[in-house]
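Biologist: Please put the model on screen. I would like to go through the sheet, the helices on it and some ring contacts.

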Amino acid sequence: MKFMKLGSKPDSFQTDGDNIRYVATELATDIAINISDVKFYLHKFPLLSKSARLQKLVATANEDNSYEIHIQDIPGGPAAFEICAKFCYGMTVTLNAYNVVAARCAAEYLEMFESIEKGNLIYKIDVFLNSSIFRSWKDSIIVLQTTKSLLPWSEELKVVSHCLDSIASKASIDTAKVEWSYTYNRKKLPYENGNDPVWNGVRKQQMVPKDWWVEDLCELQLDSYKRVITTIKTKGKVSGDVIGEALNAYALRRLPGLGKGMVQGGDVVKNRSLVETIVQLLPSEKGILPCSFLFKLLRAAITLECGEMERRELIRRTGQQLEEATVADLLIRAPAGETTMYDVDIVQNLVEEFVMHEQNARTDSHMENEFQEIRSPRLVPDASKGIVAKLVDGYLAEIAKDPSLFVSKFVNLAEMVSSFSRPSHDGLYRAIDMYLKEHPDISKSERKRICRLMDCRKLSAEACLHAVQNERLPLRIVVQVLFFEQLRATTSTGNSTPELPGPIRALLPGGSHGSSRSTTTNTEEDWDAVPTAEDINALKGELTTLRLGGGGSNRDLNDGAKNNAEKVGANKMKGLLMSKLFSKLWSGKERSGEISSSDTSESPASTNADETKSTPSRSRRHSVS
């Protein structure tokens, strides 16, 4: 820390109690100056020789035959006045970063100008500030902290602006020119502990990080910090990612609990102001702030009930880089009084913002700067959409555990990413299964609406195996899964898919082709029903048969040309077994009376069962649309 000593005489100021200060000399004091609640017994001559204001006050007191004068509004109070008084007496005074601004403001108040006496206090302090204080990183920060209690004097004397410029200039210089002595809130380097790193006898050059100044500025109060960051941004030499790191560090230091995603304790008004200020200071560049930091700010803004403008800005920024988020980031607690556990509306807003941003990016892609893309690479739109779709699937699986979550909220959020291309729907299946498990009492129509979100063709083998045995899924979905598994197997071996009964084909995406409404049976409700244990057991038995048949054919794939006839026969048998399975399910429902016919349709029961089993391709088609 820089300091300056003024005067050479010994300090002879004495204290009598808490409120009396006097100069211990042989000469009797001839004036009493009251500063707030402290009374100074001093001598007129040394004071009047350097202070124009005291000259005026003493003259007024003499006219009133008064021995005392009263000064209530001097900046810095009794402590600052005492420094000025000691300077007038020529006594030793030490100025440093902690008291120099108060002394400067008090000297200005007392009008200790050069016109009164050469080398007066104002001049000496200005020299000290410009030659030492403002050249020191540490002292500039300390001085800026002291200016708040001295407003408006410190502002009018441009001490604040000089501090801001000094700090911003030092934070903006090339790191190659930065000396570690600038930083004071840091761990010691190895060579400072006597462990000087060397390589082949040559000292290694210490690399200074770009954000070397970030932690030091966390000591500033919010208003001062805001002005420093604004000045740094105005100079335009510090990258946005470093500005973002500075804001992140300040928020973590000043907002208790922010690092854990929940602001706790402290003054709510101050915390709200802090979050709103940080949002206003966020750099304008896109994609340079960590998504996790934006989510922390968003949680804090919701908890502290920040302004609508700040919340919208956070949603906009977070939504634009949603592909960087995690499921844990999205799990934002619902406001007090809500029935649901999590705030699904916020996530919907984020997805909407992401979709809008991707559309705008695609429209303006021809105007993008290639150099900017190289500096801050982003995922291609399709890849980003796939990641966001997977993210939403994971989020749906978590919120599905909430018993109070409405079907509409679940479906609406899932539909927002339904057009996003993704290779697998396993995550969505897991979410749907979790919702059906936690909400067993939903209606058939709601169950059907949820299951329509999933594309059975995009389920993995493991997911298909689970789905076929899942008693919570409508039978329609189970049949679709079985069909597409069979289709996948036959396609991989080059064989054709076996012909299925008409009602079974009607369950597949696209419905029944060539069927008429007049031959419709009332099977829609039955196929949307949850399968019984008997149905599941039948499916399991047939699946075992299929696996055995398929396994034999797979083992024969590399046996050579002489086994081709056996392979074809095995695959045909597998297809017939699949068709048999579907027919068995259908006829089983007929026998149990689950399917009722309408007045204008023909009941599937009237169809010859033997004919259905022997020639499935000739079965009469029935629409279930």
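Biologist: How many bridges join strand β4 to β6?

Modeller: This is a predicted model. Strand β4 covers residues 31-35 and runs parallel to β6. A32 stands opposite E68 in β6, and I35 has I71 as its bridge partner there. The number of bridges joining β4 to β6 is 4.

Biologist: Which residue in β5 is the bridge partner of N34?

Modeller: β4 and β5 run antiparallel and are joined by 5 bridges. They form a hairpin with 2 residues between them, and S36 in the turn has a positive phi of about 55°. In β5, N34 is bridged to K39.

Biologist: In what order do the 5 strands of the open sheet lie?

Modeller: The pairing in this sheet is mixed. The edge strands, β2 (13-15) and β6 (68-71), each pair on one side only. Neighbouring strands are turned by 20° against each other on average, direction ignored. The order is β2-β3-β5-β4-β6.

Biologist: What angle does the direction of helix α3 make with that of β5?

Modeller: Two helices that pack on the sheet can be taken in turn. Helix α2 (residues 52-63) touches β4 and β6, and its direction makes about 135° with that of β6. Helix α3 (residues 77-89) touches β2, β3 (20-23), β4 and β5 (38-42). The direction of α3 makes an angle with that of β5 of about 10°.

Biologist: How many of the residues of β4 are buried?

Modeller: Both faces of the strand are covered. On one side I31, I33 and I35 are buried, and on the other A32 and N34 are. The count for β4 is 5 of 5.

Biologist: Is Y225 buried or exposed?

Modeller: The cut-off for buried is under 20% relative accessible area. Y250 has 1% relative accessibility and so counts as buried. Y225 is at 1% relative accessibility, and therefore it counts as buried.

Biologist: What is the centre to centre value for the aromatic pair of Y225 and Y250?

Modeller: The model has 7 aromatic pairs. The pair of Y225 and Y250 is stacked, with 10° between the planes. Its centre to centre value is 3.8 Å.

Terms used
Residues numbered from 1 in each chain as written. Predicted model: local features only at pLDDT ≥ 70, side-chain atom pairs only at ≥ 80, totals over all residues. Heavy atoms only, no water. Pairing = 2+ DSSP bridges. Axes fitted to C-alpha atoms, helices over the stretch in contact; angles between N-to-C directions. Contact = heavy atoms within 4.5 Å. Phe/Tyr/Trp six-rings, centres within 6.5 Å; stacked < 30°, edge-to-face > 60°. Buried < 20%, exposed > 50% of the residue type's maximum accessible area, 1.4 Å probe, protein only.
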